[in-house]
Amino acid sequence: MRRAPALLSLLLPLAALAQDRSDGSHVGAIPPAPPRAPDAVLLEFDLGASNATQAGRMNRDGNPSSCAAPKAYPGTFATLNYRRVTSLPLYNNSTLAQCATIVVTPAPDCDINVFASAYLGSFDPASIAANYLGDSGLSFGLPVSDPLVFAVNVPAGGRIVVNLNDSNSPDLGGSCRLTVASNELDFAPLNPVAAPALNARALGLLALLLAALGVLTVRRRG
């Protein structure tokens, strides 16, 4: 009977660790952030009652996604609607697949516990597991310090959506400035529009139109 307290003392820390891994204390290591892309986008938010919501939030398992070992969706924590900050599309304009490193850096005045995730093609706030590609594993924590860094595989010509959401209660509001950067991805699709080709009939009609305009010009001057 005397062994029970000793066994309990060993199990309690393990239970606390399991709770932290599902509910967001910093577990694991944040990968180093590469130099910020020169075209990085600065986003500013006020998280309030008017913001859109998503169905629950993702488990923070402490393991940022990597390209070498893409991880499965880590599960959904709680079922309440948590207010999300924003969703930002990024594009792989290369003809090759890219391992894209995504860096989310907060300004010093950021007081929102933000979590980042990436989705292939589109993000559905009603089904946050759909199209899942990867996530930061951690949220900023309070006070805010290190950036969130994770990497995902993006197919050639592919589009991903980076979703940034408040990982705490929807009743908590605040403001936050975030820089979202990826050296491998672009913030706009590269879709050059080809000039329409003119066939022989179109060229003939254009010549007649120009000739008619020339005749009218000469008559007016006369």
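Me: Leaving aside its neighbours within four places in sequence, which residues is L164 in contact with?

Reply: The model is predicted, so local features need pLDDT of at least 70 and side-chain atom pairs count only at pLDDT 80 or more, while totals for chains, interfaces and linings use all residues. Residues are numbered from 1 along each chain as its sequence is written, and side-chain values use heavy atoms, without hydrogens and water. Contact means heavy atoms within 4.5 Å. On that basis, the partners of L164 are L43, R84, V85, T86, V104, V114, F115, A116, L178 and V180.

Me: Which other core lies apart, and what residues are among its members?

Reply: A nonpolar core joins buried Ala, Val, Leu, Ile, Met, Phe, Trp, Tyr and Cys residues through side-chain atoms within 4.5 Å, where buried means under 20% relative accessible area with a 1.4 Å probe, protein chains only. The separate core has seven residues, including F115, Y119, I128 and V161.

Me: In what order do the strands of the open sheet run?

Reply: Strands are DSSP runs of E, at least two residues long, numbered from the N terminus, and two strands pair if DSSP finds at least two bridges between them. The open sheet has five strands with antiparallel pairing, in the order β2-β3-β8-β5-β6.

Me: Which strands are the edge strands?

Reply: Each edge strand pairs on one side only. They are β2 (53-58) and β6 (132-139).

Me: Which residue in β8 is the bridge partner of A118?

Reply: Strands β5 (residues 114-120) and β8 (residues 159-166) pair in the antiparallel sense over seven bridges. In β8, the bridge partner of A118 is V162.

How values were computed
Helices (H or I, at least four residues) and strands (E, at least two) are DSSP runs, numbered from the N terminus. Buried means under 20% relative accessible area, exposed over 50%, partly exposed in between (1.4 Å probe, protein chains only).
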